[in-house]
Structure formats: C-alpha cells, structure tokens
Amino acid sequence: MNRKNGADGMTAMKEVVIGIDGGGTYTRVAVADLSGNVRASIVVDGAASFHKDLSAATNVRQAIVSALAEAGAELHQVRGVAAGIAGYDSPADLEWVEQLTDVPGLDCPKWHVNDTVAAHYGALMARPGIVAIAGTGSNILAITESGQAISNYNFHHYAASAARFIAYDAVYEALAGRTDASDGELITAMLNHWNCSTLDELASLARSGFEEDARERNRRFGQFAPCITSAAEEGVPLAVRVCDRAIEQMIVGIELLARSFESETIPVSFIGSVANSPYFLRTLAAKLTLGRNRSYSVTEPSLPPVAGAVLLALRRLDIQIDEESLQQKLIAAG
C-alpha cells in the first residue's frame, strides 16, 4: 500500500467526505473535509471490480478504513461517500457494488457510480463534455449541457481499446502471420512475455486458452499492452495497426455521443494508461481535428478520478466551493 498526504498531527477533525476511484487494477481512496482540503489519499494494489478480483470488497473496505486512519477521522464523521467503480454497468451489478463500501459504522449516504462518472467529474470539473477512458477498462461518457449522462454503452457500442484488448489483437495478428521483419523486436517481446520460444509454441498455448482463469488471462494480456503502445510510438507496423484500430473505435464512440450536445465545440479529456500513451494521445487528438459531428477541444484532465469522486460527494451534499480554490486543494488527492 502506498500512502500519501497523511494527517498533519491532528487528533480530531471536523466532518469529512470520502472519494473512491475503484479501478480494475488499483483502488484509490481520498478523505477531504467539507472545504475540499484533502486529509489523506492512499492507493491499494488491488481492484475494486468484482469482475477483476474476487477480493474486491476486502480491497475497498480496507482502503476506506486505512484512509480514515491516515486522516485522523472517525467513521461517524463521514458525511458521505462517492464511489466510482469499474464494472458497475447495470442495476444488477449493484448487488456486489454496494458490498464494497459496507463498512460497519459507516452510516452515511453512499453514492455508487461507474468509475467513468467520477473520472468525468474530475477531468472536466462537472462541466459538460466527453471523457474517454482506455486503461484496464474502456468506456466513453458524455455529460451534456442539460446534465444528462450518456455512455457509448447506451448505444451498445464498445471501443476495444482497453489494455488487454490491444494485446489480444497483437497476438492474434502475429499468430495469423500478419507480420514482417520490422515487427521482429515486438514479436520477441511477445514470446518472452508468454515464456515461449517460437510462434508455433505460442500458437499451442493459444489453442489451450492461454490461461484457465479468465481474470488471470486478462491481467496477463493487459500487462503486455505497454510494449505495444511503446512499439507504436517507434513506428513498428504491427503495433501501429493494432493501436490505430483501437483509436478508430474510440473516435466512433466519441462522435456517437457528440450528437447529443447543443454546442458546436465539445471538450474531450482522455484518461487511462493506454489513452495517455504518447502514440494514442497524439493520434486521438489529430483525428479529432477532423471531427464530423462536432468540433472538439482536447482538454487535459483538471483532477484525477479520485478527486473527481470527492467533488461528486461534495456536490451531492449540495456543498458549493469556489472551483479554482477547490481544484488547487483536490490536486493533492492524485
């Protein structure tokens, strides 16, 4: 566990809110007072999504307790909890999502949302716009001028740009023989990643399903994604082809959502390790300049998702704070 921004010697403090960024790899929890001052921010190496980790509830609960201890706050001092959770995609998911924050004594309002909602709050400070996430998972979310939240999932659209998907795609391309000598170093890295000596050996492993456990298989594929995005930046044809396909799907998702806006120019922010890799970020920005449904303004996220969750909690409690001041305070939650 990595802990940051602990309590400054205070043994007692006023009421607080808790913001949670529950991702598919890490769980981040921030505790802030009602003025937006961050008292503690911790990162737990463990997913908050039941789809990624069967210990998700334990990960989140322990993170909440640890963050409160770091902040010097008691459970009864918590006014509200806003939790952005990866994999919370339908009402049926609420059964396992609510268990994540079921900490004995934490009796306060709790707002559970998809992690993209918390990311949007942080990236665009609750203003209208589009946030596109590509990291452990993939999601694209718009909040329109009327406050309506619309995901590309509403269209039954999915951009296969998450880390594991670009890795799957690269492996399939290699096994299909769609490579040449210029892909050599990437192929070598791929074989090493799977502890194979040849593509025939990798093909044999593929026929057996790579890994029996789906969570472990996806995790292992996701770990290979940085090799692909780095290779794309170096111009390796296989990596460029795979990344460009994923980018095109992200562009389609963004343009789908753009039709729901009244404004001609829409702010767009990118979040996640894949989306913010140099090749993805540069190519996405370039392609959006050719926008068909609207014009787009690529905007660097103002706050990290965990700080967005804190902002969400404050807004749900109808606590209004000067945005510029709040931004400076919540940056500490990153």
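This is a predicted model: local features need pLDDT of at least 70, side-chain atom pairs count only at pLDDT 80 or more; totals for chains, interfaces and linings use all residues.
Local features need pLDDT of at least 70, side-chain atom pairs count only at pLDDT 80 or more, and totals for chains, interfaces and linings use all residues. Residues are numbered from 1 along each chain as its sequence is written, and side-chain values use heavy atoms, with hydrogens and water left out.

Rings of Phe, Tyr and Trp (its six-membered ring) pair if their centres lie within 6.5 Å; planes under 30 degrees apart count as stacked, over 60 as edge-to-face and the rest as tilted. By this rule there are 8 aromatic pairs. One of them joins Y168 and F221, stacked at 3.8 Å centre to centre with 20° between the planes. This pair links distant parts of the chain: Y168 sits in helix α4 (residues 163-175) and F221 in helix α7 (residues 214-233), 53 residues apart. Helices (H or I, at least four residues) and strands (E, at least two) are DSSP runs, numbered from the N terminus. Y168 and F221 are both buried. Buried means under 20% relative accessible area, exposed over 50%, partly exposed in between (1.4 Å probe, protein chains only).

F221 also pairs with F210, edge-to-face, at 4.9 Å centre to centre and 80° between the planes. F210 lies in the loop between α6 (199-207) and α7. F210 is buried, as is F221. Y168, Y172, W194, F210 and F221 form one aromatic cluster.

Strand β5 (residues 78-85) runs parallel to β6, with 5 bridges between them. Two strands pair if DSSP finds at least two bridges between them. A83 has H112 of β6 as its bridge partner. Strand β6 (residues 110-114) is largely enclosed by the rest of the structure, because 4 of its 5 residues are buried.
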